[in-house]
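Got a minute to look at some helix and strand geometry? Have the viewer open while we go through it.

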Amino acid sequence: MATAALVAEPARVEVFGIRHHGPGSARSLLAALDDYQPDAVLIEGPADADPLIGWAAAEGMEPPVALLGYAQDRPSVAAFWPYAVFSPEWQAMRWALRRDVAVSFCDLPAAMTLAERRRSSPATADHPDESEPGPDGEPTDEQPPLDHDDAGRQHRQATEDPLALLAAAAGYDDAERWWDDVIESRMDGASPFPALIEAMAEVRREVGTVPGLAAEQEARREAYMRQTIRAALKAGRRRVAVVCGAWHAPVLTLPLPPANADARILRGAPKRKVTLTWVPWTHERLASASGYGAGVTSPGWYHHLWTAPDQPIVRWLTAVARSLRGKDLMVSSAHVIEAVRLADTLAALRGRPLAGLSEVTEATRAVLCDGDEVAVRFVTDHLVVGQALGTVSDGVPTVPLDADLTAQCRRLRIRREPTTRQHDLDLRTSHDQAKSKLFHRLGLLGLRWIQPAESGIQSQGTFRETWEATWRPEYAVTLVEASVWGTTVEAAAAAKIDRVAAEGSLAELTAAVGDCLLADLPDALGRLLAALAEKAALDIDVVHLMDAVPDLARAQRYGDVRRTDTASLRQVSEALLLRICTGLPQALAGLDDDAAAAMRRRLDAVHAAIGLLAADAAGGLLAASAAAEDGAPSTSTPGPTGRQRWLAVLASVADRPDLNGQLAGRIIRILVDAELLSDAPVRLHRALSHGVGAATKAAWIDGFFSDGAVLLIHDPELLSLLDEWVSGLGQEEFVDVLPLVRRTFGAFAESERRAIAGRVAAGAGQRPEQRADDDLDLELAAPALATVRLILGAA
């Protein structure tokens with residue numbers, strides 16, 4: 001026994017330098033692992049994610065997925081380490097778990113990687129879109145090295161794409177094609193790793209090392225990998241397999257340099273507390289076109305090579321034909337056969353062992369798409385890159401907010417999909433109401449997964465909503481950030497509303513009222529309305545109050561459809577309107593043109609809002625009238641309505657000489673539309689009389705006739721006065737007022753402008769007079785009149 005121990009096999013370390021997300025690398029790696037039979041597998045990845053490796057074999061884990069690491073004190077500082085089913089690292093994990101072989105990550109822990117962000121600019125480090133892994137899984141939002149000479153650029157090119165130099169040495173101008181020929185298109189599974197390590201060692205000697213922040217981080221990573229290998233050997237492992245990016249492979253082989261040198265490199269490295277978990281990923285985000293440093297140009301193609309090793313070209317072109325037929329393009333079996341022949345012929349002419357993506361794409365363009373680049377782009381987006389979205393097991397640790405959202409989505413049958421899906425909601429159904437509440441709550445939390453969209457369905461009511469949903473992997477970070485507000489979607493959204501109620505301005509509070517009502521947060525709404533009433537009572541600026549009323553009025557529209565009690569909301573609106581009516585005369589005095597234009601927009605907004613409030617009040621009066629007819633006592637006291645009070649205030653200031661022309665014209669127009677003034681032609685004549693400047697006249701015209709094409713079409717007297725004024729302008733006056741007048745009438749629809757021009761051409765708006773003795777059949781009109789009286793509540 002002692003003799004056997006003396007001749008025991010020495011510890012071995014085999015390093016497999018792979019290409020991230022390469023199916024050929026993965027296939028060769030599995031064959032090499034089967035041949036080597038290691039007792040420990042070390043994989044390039046964050047070392048503190050070791051507890052999560054076991055989930056790779058769990059039910060429900062379907063790549064593409066990614067490890068997400070984020071700083072506990074600042075979740076926006078995050079990094080992803082993505083894996084596809086054809087990623088060598090993923091296959092190495094699965095191989096070890098199936099055989100109960102010890103497996104762990106050997107790269108810098110995320111605690112160190114994310115601590116490096118403190119040395120980056122805040123704008124870059126905190127942007128989730130920037131925090132994706134780089135060429136070997138590391139985040140890419142480090143600042144570039146400080147040097148900018150040719151050697152530095154060559155070194156960075158080699159570390160980001162070391163295979164480019166090897167491809168150039170082999171006579172290829174495209175590293176992707178070289179790798180595809182040498183590795184990805186190989187079907188024999190022969191090990192390419194010894195030759196790759198030797199070639200990569202030569203590349204490293206050629207480019208050398210360049211001082212700088214990136215080189216410092218690279219040295220720290222490789223020192224940590226070597227320390228992990230030493231720890232595995234010290235633990236008694238005899239056959240260690242190291243799976244890492246090809247660039248690192250030459251410096252990880254035995255014999256390793258002295259351990260104290262690596263210890264010095266790692267000494268004093270910054271750390272921060274982090275949390276790691278698994279999240280879904282997409283093929284689109286694995287593509288290099290997305291900005292991912294270690295990405296590949298064709299994740300969908302590589303997935304096909306992995307899942308269909310037998311007859312890959314035939315199967316691929318068949319899938320392309322099926323996809324094109326789904327878009328109503330005429331593609332037959334004969335097209336597929338001819339495309340396969342063309343792809344094989346191109347590969348033979350170019351001396352390639354197998355038709356690659358370029359040959360297949362050319363065959364698709366020439367045969368299946370008839371040269372249509374739009375169809376080729378469709379194939380590229382949906383098949384070559386792909387739209388696959390992975391899933392993670394339900395048991396994977398996550399924040400409670402994400403778990404609650406997942407449960408609600410499952411209950412409401414909402415799927416997280418990488419492609420855009422439209423949701424048309426009918427708020428008269430309880431199921432769609434629940435969806436609407438969830439979508440609005442997610443909007444309050446800043447999760448832009450589902451956003452409002454334009455509907456192709458014509459609807460005049462408030463019972464329909466249209467949303468578009470597109471899931472992006474970085475939304476996982478947004479959920480983590482939002483989890484500080486609560487453990488459920490409802491609680492978190494309510495907490496956000498409470499934050500606005502405590503710190504927001506009057507305009508922010510009123511905007512939040514509508515959001516709160518749509519999100520169905522009654523408790524938060526009560527607290528928000530109390531804060532709104534308190535702030536409105538202290539705010540003496542009429543402008544702020546006018547800005548607040550439209551949002552409140554729009555919010556009340558959803559009461560009936562959503563069965564929400566808006567009585568308290570109506571009380572706040574009425575209080576604000578009363579204070580506006582009190583302070584409006586003073587607020588209109590002495591405004592210049594810019595301030596008058598802004599005030600005019602506010603007048604229009606408040607007037608429209610009052611129309612909504614008046615309609616709501618009319619509904620209440622009808623209900624009260626019906627109750628009185630049934631014998632119920634009335635509890636309301638007669639008094640002026642909000643609309644009556646508003647119009648009375650406008651009438652009191654209509655003739656003030658200190659009003660800006662825009663405001664004067666607009667107020668007269670509002671009163672005319674309300675049928676409180678019948679002398680519009682007289683007022684127009686007065687406004688256009690001598691002694692008034694041309695600019696003031698044009699401003700009055702703009703205020704009165706904006707959105708008023710119908711007045712000019714159907715009132716010949718107004719049209720005649722306006723025509724006479726324009727015709728009487730001198731050359732200089734016409735040039736001065738032309739921009740304002742053009743803006744006024746340019747807003748009319750083309751048909752309206754054509755009708756007005758026809759009236760003027762016919763003779764200053766003359767139109768055939770209606771005969772006084774027209775026969776009216778009142779008996780025939782009686783049913784229609786009865787219906788109108790019923791609608792108006794006069795029946």
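This is a predicted model: local features need pLDDT of at least 70, side-chain atom pairs count only at pLDDT 80 or more; totals for chains, interfaces and linings use all residues.

Residues are numbered from 1 along each chain as its sequence is written, and side-chain values use heavy atoms, leaving out hydrogens and water.

Q: Why are α2 and α3 called roughly parallel to each other?
A: Helix α2 (residues 23–36) and helix α3 (residues 88–98) pack at about 30°, with their axes 8 Å apart. Angles run from 0 to 180 degrees between N-to-C directions, along lines fitted to C-alpha atoms over the stretch in contact. Under 35 degrees counts as roughly parallel, so α2 and α3 get that label.

Q: What makes up the contact of α2 with α3?
A: Contact means heavy atoms within 4.5 Å. Among the α2 residues are Leu 29, Leu 30 and Leu 33, and α3 brings in Pro 88, Gln 91, Ala 92 and Trp 95. The residues of this contact split into seven nonpolar, two polar and one charged.

Q: What makes β1 and β5 edge strands?
A: Strands pair if DSSP finds at least two bridges between them. The open sheet runs β1-β6-β2-β5 with parallel pairing, and β1 (12–18) and β5 (102–107) each pair on one side only.

Q: How do you know that β1 and β6 pair?
A: They share seven bridges, against a requirement of at least two. In one of them, Arg 12 is partnered with Arg 239 in β6.

How values were computed: Helices (H or I, at least four residues) and strands (E, at least two) are DSSP runs, numbered from the N terminus. Angles under 35 degrees count as roughly parallel, over 145 as roughly antiparallel, 65 to 115 as roughly perpendicular and the rest as oblique. Ala, Val, Leu, Ile, Met, Phe, Trp, Tyr, Cys and Pro count as nonpolar, Asp, Glu, Lys and Arg as charged, and the others, Gly among them, as polar.
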